[in-house]
Amino acid sequence: LATSKYNDGTTIFNVCGDNSGNVLKLDTGNTDNGSPIFYSLTTRPYTLDGLFSTRKHIQKMAVVHNKAEGSVLSYRVDSENVNDFKKLIQLEKEISKPFTTDIKGNKIYFNLKGSSVGEPFEYMGIEVLECVSETIG
């Protein structure tokens, strides 16, 4: 993607072109040229107890967000392959009520995917409410 500065006589904007020849202002508006803005956020690997040498078993958790209803939260364990994500839940309310789960692994990654039109969303994070750690080996 190549960008350029454009001066409309009052303001300087960053602009770019799309495949259809349209000139678009960057970082303005709430859509991607009229289409929803797609997002996919992947967390760092969670160890939860601070140790990479233990296996974790998450049994209850919640997701804290604002205006991310419809987004899908997925997880993967002990894998660097981004295709290994498994769907966990679809977000409904601003602060998700706690839900039960059965995630077991050494390093746990989470991914939030969705699209936004209008108001931007906020993802404040994951709350692990019940988790047990055990020594591996």
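This report describes ring pairs, charges over rings, a sheet and a nonpolar core in a predicted model.

**Aromatic pairs**

Two aromatic pairs occur in the structure. Tyr39 and Phe121 are stacked, with 4.0 Å centre to centre and 25° between the planes. Tyr39 belongs to strand E4 (residues 37-42), while Phe121 is in the loop between strand E9 (108-116) and strand E10 (122-135), so this pair ties together parts that are 82 residues apart in sequence. Tyr39 has a relative accessibility of 9% and counts as buried, because the cut-off for buried is under 20%.

The pair of Tyr46 and Phe110 is edge-to-face, because the ring planes stand at 75°, with the centres 5.7 Å apart; the cut-off for this class is over 60 degrees. Tyr46 is found in the loop between E4 and strand E5 (54-66) and Phe110 in strand E9, so parts that are 64 residues apart in sequence are tied together by the pair. Both Tyr46 and Phe110 are buried.

**Charges over rings**

Tyr46 also has a charged group over its ring, from Arg44. Another such arrangement involves Arg76 and Tyr109. The table gives the distance from the charged end to the ring centre.

| Charged residue | Ring | Distance to ring centre |
|---|---|---|
| Arg44 | Tyr46 | 4.4 Å |
| Arg76 | Tyr109 | 4.1 Å |

**The sheet**

Three strands form an open sheet in the order E8-E5-E10, and their pairing is antiparallel. Strand E8 (99-105) and E10 are the edge strands; each has a single partner strand, so one side of each is left without a neighbour in the sheet. On average, and ignoring direction, neighbouring strands of this sheet are turned by 30° against each other. In general, the strands of a sheet pair through backbone hydrogen bonds. E5 and E8 run antiparallel and are joined by five bridges. His57 has Lys104 in E8 as its bridge partner.

**The nonpolar core**

The largest nonpolar core has 17 residues, of which Met61, Leu73, Leu88, Ile89, Ile103 and Phe110 touch the most other members. At least two residues of this core come from each of E5, strand E6 (72-77), strand E7 (86-90), E8 and E9.

Which residues is Met61 in contact with, leaving aside its neighbours within four places in sequence? The contacts of Met61 include Leu73, Leu88, Ile103 and Phe110. Among its other contacts are Lys97, Pro98, Phe99 and Thr101, as well as Ile126, Glu127, Val128 and Leu129.

Definitions and conventions. Residues are numbered from 1 along each chain as its sequence is written. This is a predicted model: local features need pLDDT of at least 70, side-chain atom pairs count only at pLDDT 80 or more; totals for chains, interfaces and linings use all residues. Side-chain values use heavy atoms; hydrogens and water are left out. Rings of Phe, Tyr and Trp (its six-membered ring) pair if their centres lie within 6.5 Å; planes under 30 degrees apart count as stacked, over 60 as edge-to-face and the rest as tilted. Helices (H or I, at least four residues) and strands (E, at least two) are DSSP runs, numbered from the N terminus. Buried means under 20% relative accessible area, exposed over 50%, partly exposed in between (1.4 Å probe, protein chains only). A charge sits over a ring if NZ of Lys or CZ of Arg is within 6 Å of the ring centre and within 35 degrees of the ring normal. Two strands pair if DSSP finds at least two bridges between them. Axes are lines fitted to C-alpha atoms, for helices over the stretch in contact, and angles run from 0 to 180 degrees between N-to-C directions. A nonpolar core is a set of buried Ala, Val, Leu, Ile, Met, Phe, Trp, Tyr and Cys residues joined through side-chain atoms within 4.5 Å. Contact means heavy atoms within 4.5 Å.
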